[in-house]
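This briefing goes through one protein chain, from its overall make-up to one part of its surface. Have the sequence and the structure open while you read.

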Amino acid sequence: MPIIRSAGTGIQTPAVNAIFPQLVPKEHLMRMNGINSTLSSFMMFLSPAAGGAVLSAAPLEAALFIDVITAMIGISITFTIKIPPYAKSSAGEESSLQKITGGISYIKNHAFIRRLMLFQHHHPVSDRPLRLPHTSYGEQDLRTGGMAAHGQ
């Protein structure tokens with residue numbers, strides 16, 4: 001299940017970020033990206049607590065059912081959004097590949113941005129072992145208040 005969700009997130013997140021310029025006026029794009037980033041961080045912060053609350057009050061099947069229902073609601077809302085056709089760059093503008101190359105050059109030439117990008121890339125990988133110590137100690141059974149050993 002986590003593999004499927006990770007694959008879906010790996011496709012959905014870049015797709016959502018790529019569609020914003022078509023939906024949001026250019027003068028509001030920076031504000032929209034900031035709001036999107038804030039809401040994403042807020043959800044990443046609250047989701048484990050909400051998931052823990054649901055799992056402590058209901059069985060796993062109910063939590064998975066909630067996940068499926070909310071995904072269906074999200075997909076239904078997405079179908080109502082009218083997305084204008086993508087307007088390709090005119091002959092005088094840079095191609096997408098040139099813009100990507102320019103962005104990479106900018107990162108290489110600005111030390112602060114380069115360090116920030118390296119930190120953003122390495123931080124989630126380096127702290128992963130710190131976030132998963134519970135897997136080696138058993139699972140907390142929140143309904144009974146005790147420890148539940150694996151396989152029992």
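Of the contacts in the chain between residues at least 6 apart in sequence, 38% join residues at least 24 apart. The model is a predicted one.

**Whole chain**
- The chain contains six helices and two strands.
- Along the sequence, these elements follow the pattern α-α-α-α-α-α-β-β.
- The chain has 152 residues, and 7% of them are buried.
- Its accessible surface is about 13,000 Å². Carbon and sulfur atoms account for 69% of that surface.

**Helix α2**
- Helix α2 covers residues 29–57, which is 29 residues.
- From its first C-alpha to its last, helix α2 reaches 40 Å, close to the 42 Å expected at 1.5 Å a residue.
- At L46, α2 bends by about 35°. A proline, P48, follows within four residues.

**Nonpolar surface patch**
- F65, V68, I69, M72, I73 and I77 make a nonpolar surface patch of about 570 Å².
- One of these residues, F65, lies in helix α3, which spans residues 60–79.
- F65 has a relative accessible area of 55%. Exposed means over 50%, so F65 counts as exposed.
- Residues join such a patch only with over 30% relative accessible area, and the 55% of F65 is over that cut-off.

Conventions:
Residues numbered from 1 in each chain as written. Predicted model: local features only at pLDDT ≥ 70, side-chain atom pairs only at ≥ 80, totals over all residues. Heavy atoms only, no water. Patch = residues over 30% accessible without salt bridge, like charges linked within 9 Å, V, L, I, M, F, W, Y side chains within 5 Å. Areas by Shrake-Rupley, 256 points an atom, 1.4 Å probe, with all protein chains shown as cover. Salt bridge = Lys/Arg side-chain N within 4 Å of Asp/Glu carboxyl O. Buried < 20%, exposed > 50% of the residue type's maximum accessible area, 1.4 Å probe, protein only. Contact = heavy atoms within 4.5 Å. Expected span 1.5 Å × (residues − 1). Bend = angle between axes of the 7 residues up to and from the residue.
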